[in-house]
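Please look through the structure shown below, and then follow the explanation one part at a time.

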Amino acid sequence: MLLAAEKGDITTIIGGIAPDWGPFGTLGAEAKTMIQVVMAVAILLCLGVAIWGAAKQRIGATALRDTFSAEQGKGLIIAGLTGVFIIGSLGTVFTIVYGMAV
């Protein structure tokens with residue numbers, strides 16, 4: 001009986017945005033670098049959305065007394081941080097799905 005955890009270590013599971021896992025393991029160095037760049041840009045955009053939401057919530061709640069703007073800010077914060085979490089955990093998701101398929 002082969003266990004999936006025998007051939008990997010903790011970096012296989014929490015590798016982050018370095019696509020050395022699952023189906024991306026056989027790609028060339030240039031392709032891995034491009035995937036890393038795309039994922040890093042996506043994380044930065046999501047963080048930017050979260051920061052924009054925080055600013056919108058702060059300005060709308062205090063300076064302008066605009067509750068609609070404050071609610072939009074909350075939504076942007078949640079969306080941005082959710083995006084960061086999903087992109088950051090893609091390594092784990094792909095490892096689990098690819099391991100189940102093999």
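Lys74 counts as partly exposed because its relative accessibility is 37%, where buried means under 20% relative accessible area, exposed means over 50%, and partly exposed lies in between, with a 1.4 Å probe and protein chains only. This lysine forms a salt bridge with Glu71, the closest N and O atoms being 3.3 Å apart; the term salt bridge stands for a side-chain nitrogen of Lys or Arg within 4 Å of a carboxyl oxygen of Asp or Glu. Glu71, at 48% relative accessibility, is likewise counted as partly exposed. Both residues belong to helix α3, which covers residues 67-88, and they stand three residues apart, about one turn of the helix. A search of the whole structure finds one salt bridge.

Before going on, please keep in mind that this is a predicted model, in which local features need pLDDT of at least 70 and side-chain atom pairs count only at pLDDT 80 or more, while totals for chains, interfaces and linings use all residues. Residues are numbered from 1 along each chain as its sequence is written, and side-chain values use heavy atoms, with hydrogens and water left out.

The protein chain as a whole has four helices and zero strands, where helices (H or I, at least four residues) and strands (E, at least two) are DSSP runs numbered from the N terminus. Of its 102 residues, 18% count as buried.

Is Gly53 buried or exposed? Gly53 counts as buried because its relative accessibility is 0%. Leaving aside neighbours within four places in sequence, Gly53 is in contact (heavy atoms within 4.5 Å) with Gly73, Leu76 and Ile77. The C-alpha atoms of Gly53 and Ala70 are separated by 8.4 Å, although these residues are 17 residues apart along the chain.

Helix α2 also contains Val37, which is partly exposed, since its relative accessible area is 43%. Together with Val41 and Leu45, Val37 makes a nonpolar surface patch of about 270 Å²; such patches are made of residues with over 30% relative accessible area and no salt bridge, with like charges joined within 9 Å and nonpolar side chains (Val, Leu, Ile, Met, Phe, Trp, Tyr) within 5 Å.

Finally, an unreviewed UniProt entry places the feature "transmembrane region" at residues 34-55 and 76-101, and such annotations may be inferred rather than shown by experiment. In the model, the span 34-55 is 100% helix and 0% strand, and its end C-alpha atoms lie 31 Å apart.

Notes
Accessible areas come from the Shrake-Rupley method with a 1.4 Å probe; for residues, only the protein chains shown count as cover.
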